[in-house]
Amino acid sequence: MNITELLKDLNSRGLEAEKICDGEIKVIANKDNFITHLHYLQSINYEHLANINGVDYIDENEFEVVYQIYSYTDKIHIIFKVRIPREKPVIQSIVDLWEQAQFYEREVHEFYGIHFEGNKDLSPLFLEDWMDLPPLRKDFDTERFSEIVMGSMRNGGKK
Amino acid sequence: MQIINYADEERRQEDNRKLWDKVTAYFRSRSLWMLHYCTGCGAMELPPIMTSRWDIERFGIVPMATPRQADILLLTGYASTNTMKRIIRTYEQMPEPKWVIAFGSCTVNGGMYWDSYNTVNNVGEYIPIDITIAGCMPRPEAILDTMVKLMNMVKSGDAKAFQKYKDNYGYYKANQDKLFARTAPVLESASLKYVHNETEGSEQ
């Protein structure tokens with residue numbers, strides 16, 4: 001399936017899909033039924049889940065979870081985006097579709113506090129003894145944290 | 001009967017000890033083993049220094065794989081809090097006398113990562129450092145220059161940072177605990193954290 005056919009197909013399934021450049025498309029999905037779409041993509045040779053990212057849109061009060069999916073047969077990279085509310089950051093896990101999602105979801109959980117329903121092990125992966133707000137959330141003040149714990153000073157302190 | 005002047009004898013023994021210290025310091029300075037443990041981006045600077053281009057072995061400095069057989073610890077760049085834990089553990093395993101060289105601005109004030117939540121700003125607050133090299137990263141020539149300076153310091157007995165660590169252990173330990181032994185969140189924003197409730201979360 002080439003890129004124009006894929007776009008037509010995805011649009012007919014009720015997804016907002018648009019082309020970014022050759023071999024790369026962006027898809028925006030709803031958090032209630034995104035798993036069925038991912039399942040469909042997997043069935044049409046999109047077998048590689050490269051990464052899961054989190055994005056914090058604090059002004060819109062939303063988190064975005066981004067799935068990077070690639071097809072080795074079609075050579076197309078799909079950037080699959082799902083938005084969830086910031087007050088209740090819960091999204092379904094895709095461990096059943098791709099096993100490696102286990103670790104990507106653990107990482108996103110650790111750095112954004114997004115809960116993945118169905119992922120059995122969401123224990124900390126990189127941070128040790130972390131008790132504060134997840135550090136990549138925009139409302140975490142990293143400079144203040146560094147000042148208190150590490151004693152950092154803006155511009156090296158007063159001259 | 002021979003009369004022994006005890007004051008003279010004591011002085012003579014002390015001189016001998018000083019001489020012995022001088023001799024060991026001289027030989028030590030020509031046989032330094034640096035630990036092959038690299039943090040941050042300076043790890044890239046070391047292969048050319050150790051190999052044919054700059055060849056640090058002509059000064060008698062050879063890389064060693066384990067901390068228990070090494071006596072120079074190189075901190076080659078920024079230290080994250082997780083790495084700092086390992087650095088301290090490594091440093092405490094090394095036998096005395098031991099020396100620490102810190103590379104670049106990141107180890108002095110955090111460099112470009114000064115406001116990061118996971119990068120230690122001043123490494124010298126957690127372990128004692130003998131020499132810091134300026135630069136981001138320092139050139140191999142600067143590193144060679146530092147090594148020669150360290151050799152001279154070892155020879156003259158000025159490189160005593162490990163002694164400082166033993167004498168002021170309370171200070172270093174307090175700083176380390178501030179970093180690793182936190183029991184409560186640092187910022188008030190921690191209360192905003194989302195805690196998932198299983199019964200509430202299931203939408204069935």
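In the predicted model, chain B has an average pLDDT of 86, with 97% of its residues scoring at least 70. For the complex as a whole, the predictor reports a pTM of 0.84 together with an ipTM of 0.80.

The fold of chain B is made up of five strands and eight helices, which follow one another from the N terminus in the order α-β-α-β-β-α-β-α-β-α-α-α-α. Because the radius of gyration of chain B is 23 Å, well over the 17 Å that the globule rule gives for 204 residues, the chain is more spread out than a compact globule. The extents of its C-alpha trace along the principal axes are about 105 × 50 × 25 Å. Buried positions make up 29% of the 204 residues of chain B. Among the contacts within chain B that have a separation of 6 or more, 81% are accounted for by residues 24 or more positions apart.

The contact between the two chains draws on 25 residues of chain A and 24 residues of chain B. On the side of chain A that touches chain B, at least two residues each are supplied by β7 (115-117) and by α4 (142-150) of chain A, and it is α4(A) that provides the largest share, amounting to eight residues.

Conventions: Residues numbered from 1 in each chain as written. Chains lettered and ligands numbered in written order. Predicted model: local features only at pLDDT ≥ 70, side-chain atom pairs only at ≥ 80, totals over all residues. Contact = placed C-beta atoms within 7 Å. Helix = DSSP H or I, 4+ residues; strand = E, 2+ residues; numbered from the N terminus. pLDDT = per-residue confidence, 0-100. Rg over C-alpha atoms; globule rule 2.2 N^0.38 Å. Buried ≥ 20, exposed ≤ 12 C-beta atoms within 10 Å, placed from the backbone.
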